[in-house]
Structures are given as C-alpha cells and as structure tokens.
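Dear colleague,

I am passing on a structure that you have not worked with before. Please look through it first, and then read the notes that follow.

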Amino acid sequence: MDKAAMTMTAAKTNPSRNYQLDFLKLVFTFFLIFQHSSVFVGENTRITIPPMMGAVTVHFFFIVSGMLMANSIVKKEPDILSSGRSAMQFVLNKLKNILLQYWSALLVFMTIYIYICTTLQQSKTFLLYC
C-alpha cells in the first residue's frame with residue numbers, strides 16, 4: 001500500500017472519534033426535529049409524538065456536551081491540579097466564541113425587526129408582532 005492510500009485510509013477512520021456517539025447524536029437530532037414539528041401535525045392524524053421526547057433529547061445533548069468538554073480538558077491537561085485552570089480557560093474561550101456570535105445575530109435581528117416595524121406600520125395585523 002502506498003503512502004497516499006495509507007493517508008487516505010487514516011483520514012477516513014479516526015481512532016479517537018466515537019462513531020457510536022455520532023450515531024446517537026444523529027438519532028436524537030431527528031427526535032428533536034420531530035418534537036419541534038409536532039405543531040404541524042393535525043389533531044385528526046394517526047401520528048403521535050411522545051410529549052417527553054424533547055426533554056429527553058435536550059438532556060441527552062447536555063450530557064454528551066459535558067462529557068466531550070471534560071474529555072477535551074483531560075486530553076489537554078492530564079494533571080488533575082492544573083485541570084481546574086484549564087477548565088476555566090476552556091469555559092472562558094467558549095463564552096467568548098458564543099457571546100460574539102450571539103450579540104452579532106441579535107444586532108442583525110433587531111436591526112431588521114426595527115426596520116420592518118417602522119416601515120410597515122400600515123398593516124394592522126403586522127403591528128400585533130411589533
């Protein structure tokens with residue numbers, strides 16, 4: 001086997017990746033989509049969606065994200081004494097990334113919302129949402 005084929009094979013199978021966890025995340029993502037689409041299911045249909053499916057799915061994602069964060073901290077800092085500082089740095093980096101995206105999206109949304117509310121004041125039905 002030549003070197004290019006070995007590199008391609010190594011790229012396809014990552015030994016540190018948990019493919020069973022990826023499969024579970026896919027399944028629970030579909031559960032979440034089904035739960036959120038229950039609004040579009042009529043009352044006179046045979047489709048029933050368990051009411052607790054969304055809550056179980058959210059709990060699953062919280063547990064998985066906590067496990068993956070803990071694993072990444074332990075991989076970076078195997079020393080238990082310095083892992084506390086590493087965990088704090090990890091949380092601060094995550095907050096910085098999330099808050100930047102959050103405030104950017106909020107600014108864009110509010111700009112569009114204010115523009116629409118001020119320009120479409122003639123529509124009485126639309127004013128219910130402003």
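In which helix do F28 and F31 both lie, and how many residues apart? They lie in helix α2, 3 residues apart, about one turn of the helix, where helices are DSSP runs of H or I with at least four residues, numbered from the N terminus.

Please bear in mind that this is a predicted model, in which local features need pLDDT of at least 70 and side-chain atom pairs count only at pLDDT 80 or more, while totals for chains, interfaces and linings use all residues. Residues are numbered from 1 along each chain as its sequence is written, and side-chain values use heavy atoms, with hydrogens and water left out.

The predictor's confidence in each residue, pLDDT, runs from 0 to 100; the protein chain averages 76, and 68% of the residues score at least 70. Where pLDDT is low, the predicted coordinates should not be read in detail.

There are 5 aromatic pairs, counted where ring centres of Phe, Tyr or Trp (its six-membered ring) lie within 6.5 Å, with planes under 30 degrees apart called stacked, over 60 edge-to-face and the rest tilted. The pair of F28 and F31 is edge-to-face, at 5.5 Å centre to centre and 85 degrees between the planes. F28 is buried at 15% relative accessible area, whereas F31, at 31%, is partly exposed (buried is under 20%, exposed over 50%, partly exposed in between, with a 1.4 Å probe and protein chains only). Together with F60 and F61, F28 and F31 form one aromatic cluster.

With kind regards

Definitions and conventions:
Helix = DSSP H or I, 4+ residues; strand = E, 2+ residues; numbered from the N terminus.
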